[in-house]
Every structure is written in C-alpha cells, then in structure tokens.
Amino acid sequence: MMTMSSAIPKAVLYYNPQSVWSSAVLLALNEKGYGEDEVDLRVVDINKGEEFSPTFLRLSPKAMVPTLVAPLRGSLASDVASRFKAISDTKALIEFLDKSRSASSHTHTTSSAPAPSLSPATVAFATASSKIIDSIQADEVSPDHLQYLNARDQASLQELGKSLVPILESRRAAIVEYLTECEHETIRMSEKTKAFWREKQAEVDTALSVFSGNDIDGYLSRSRNTWEITIPGVLTRVNEEFIGPYALGDQVSIADIHLSAWLSHLVRLAGGSPSDNGDVAIKRVEKHIGNGFVFPEDFLPSAFSPFTEEKAVARSKLAAFWDAMKSRSSWKKVYAS
C-alpha cells in the first residue's frame, strides 16, 4: 500500500556532477535545508550528449543542464492529479528553490533543517547581487566557453584536446544518431528540433576542427582575449560589488551560490581544486590570467580588533570568500570528491 509521503509528488533535478551550474543548484539545495528525500536526483550524461535526446528535449527544449521539474502548488496533495513545470534557467531555478522552502512555504517538506532566505534584504543589495550574477552568467564567460578556450599556445591546445576531443566526438555521435533516426523515420521530431540538432552539430564540428589544426591562430587570439581581457574585467566588476566575507556581507545569499560554482570552475581551469585554501586558489587564478593581474588585498576580517597586538592581515575579498564557503557544509557535500 502506498504511503501518504510516497504519494506526494516530488521535484526531479536533472543534473550532472561535472556541470558547473548543477553544482550551484546542489549548493542551493543544501543551503536551503532540503531533505534528501524531497528532490529526486537524476544524472544526465552530458559527455555522451544525453541532454540532446528526444526525451530530455521535451523537458528542456534547449537541452539545458541542470533542469528542475517541479510539481505545481495546486497539485501537491496526494489525492490530486499532479501537474509539473520545468525550469532550466539557472537563475530562475535557484530563485525558485529559495522561495519554495521557507517558514511560510506550503511545500510538504520532510526536513527539520533551517530554511534561511538567500534573497537580498535591500534594494541596494539586490542591485549588487544582480550585477555579480549577471557578470558571471554572461555567455562570454560561461563554463563551457572557458573550458574550451583554456589554452593560449599550441602545446597547451594539444594537451587540452586530449581531454575534450573524445567528449566532443561522443556528443557529435549522439546528435548524428538522432538526425539519422529522423531521416529513417525511426523517430518523428519537429523541424524546429531537427534544426536545433543541426545547429549543435555545427558548433561541435567547429570546435573539433580547431583540434584538427584549423584556424589555430584565430582560436589562440580568442583565448588570449578571453583570459587576459574579458575575465579580468569580470573579476574586477565582481570585486567592486563585493563586501566580504560573502558577496553582501556576513550572510550567504543567492549571489554566493552562483559565484561559488563559477569561481571553483575558474580555479580548476587554473590547475587548482576545491580543497585549496583561499589564498592558494586565488593566486592560481591570478597566475593563470597572467599579465600582472592581481586582486587588491583590501579585506580585513570583521573579528579583528584594533585593541590587540595582533596585526591584521589584509587579503583579497575572493580569497576570504573562498575560505568562508569552503567551511560550509554545503560546499563539503557538493565538492567532497
């Protein structure tokens, strides 16, 4: 006999552990105190192009991972036919998770953990938060874009190809298979979907052509521009809005969720890992960017007292932020491996 709790519809998160924005959503789930039995986690193998499958495209027509499929409020009771909506935009998804679990929410939560609000408390904070999130969510610094452009000479491009080419070829094969099935009428898909597949195949082909030796000069020019101009510009804008130790001061907010995931990706691309301490992680990023780029070391911990003999040590805001997030249980769960 089905129990009442098992009959209540649950949200389903389609994610991938290697996906940067999937990590952001997992951080949000942990920070908001959702119980492990409140959201079903289903892995989408993006290395094999599973997000392009006809089944997944019905949930997310643009093949975006992560995607959350959540029951609508009016269908939360066990005796009501369930209706669902899919959310694929990362910003909207995290805001949804923030608003859906609170002291006044109507969800059937099974967790007794606190549900702190992650939303900015003032208009000024909301403005700063939006500037930070919009800066790191820009297409020109998207995680996939940065990973693809993470080589600034032919030797590092060849090394990058060893890890990326097998993935790109696997994703291309998946897309070609779906298009072939359409040609043979094994499956029937709309012209819009087939055009989407062809567009994605063309993008993969362009990326693969670089690793085959085509337009290397153009690639290296784009890569250097990204790492030496675009990324420093984004980091400078983020730093200007940042208060410390978290984006908006002493409390974790939505901006920290986005920034944690994006910055950890940047550190990985620079040869670091989530286990690094803040100073080491940020120094890696500075070195990887090069051209003398450094963060201003203008953050003093609030615990410092001018009446003690201990000398305050100024650090960069993002180094202090990294250590503050690294100490949280959400970070330890998401980046445990």
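Helices α7 and α9 are roughly perpendicular to each other (a label for angles of 65 to 115 degrees), because they pack at an angle of about 95°. This is a predicted model, where local features need pLDDT of at least 70, side-chain atom pairs count only at pLDDT 80 or more, and totals for chains, interfaces and linings use all residues. Residues are numbered from 1 along each chain as its sequence is written, and side-chain values use heavy atoms, leaving out hydrogens and water.

**The helix pair**
- Helix α7 covers residues 154-183 and helix α9 covers residues 216-241, with their axes 11 Å apart.
- Helices are DSSP runs of H or I with at least four residues, and strands are runs of E with at least two.
- Axes are lines fitted to C-alpha atoms, and angles run from 0 to 180 degrees between N-to-C directions.
- Gln154, Leu157 and Leu160 in α7 meet Ile216, Tyr219 and Leu220 in α9 (contact means heavy atoms within 4.5 Å).

**The sheet**
- Here 4 strands form an open sheet with mixed pairing, in the order β2-β1-β3-β4 (strands pair if DSSP finds at least two bridges between them).
- β2 (39-43) and β4 (84-87) are the edge strands, each with a single partner, so one side of each lacks a neighbour in the sheet.
- β1 (residues 11-15) and β3 (residues 67-71) run antiparallel, joined by 3 bridges.
- Leu13 has Leu68 in β3 as its bridge partner.

**Helices across the sheet**
- Helix α2 (residues 20-31) lies across β1 and β2, at about 145° to β1.
- Helix α4 (residues 90-100) lies across β3 and β4, at about 40° to β3.

Note on methods. Angles under 35 degrees count as roughly parallel, over 145 as roughly antiparallel, 65 to 115 as roughly perpendicular and the rest as oblique.
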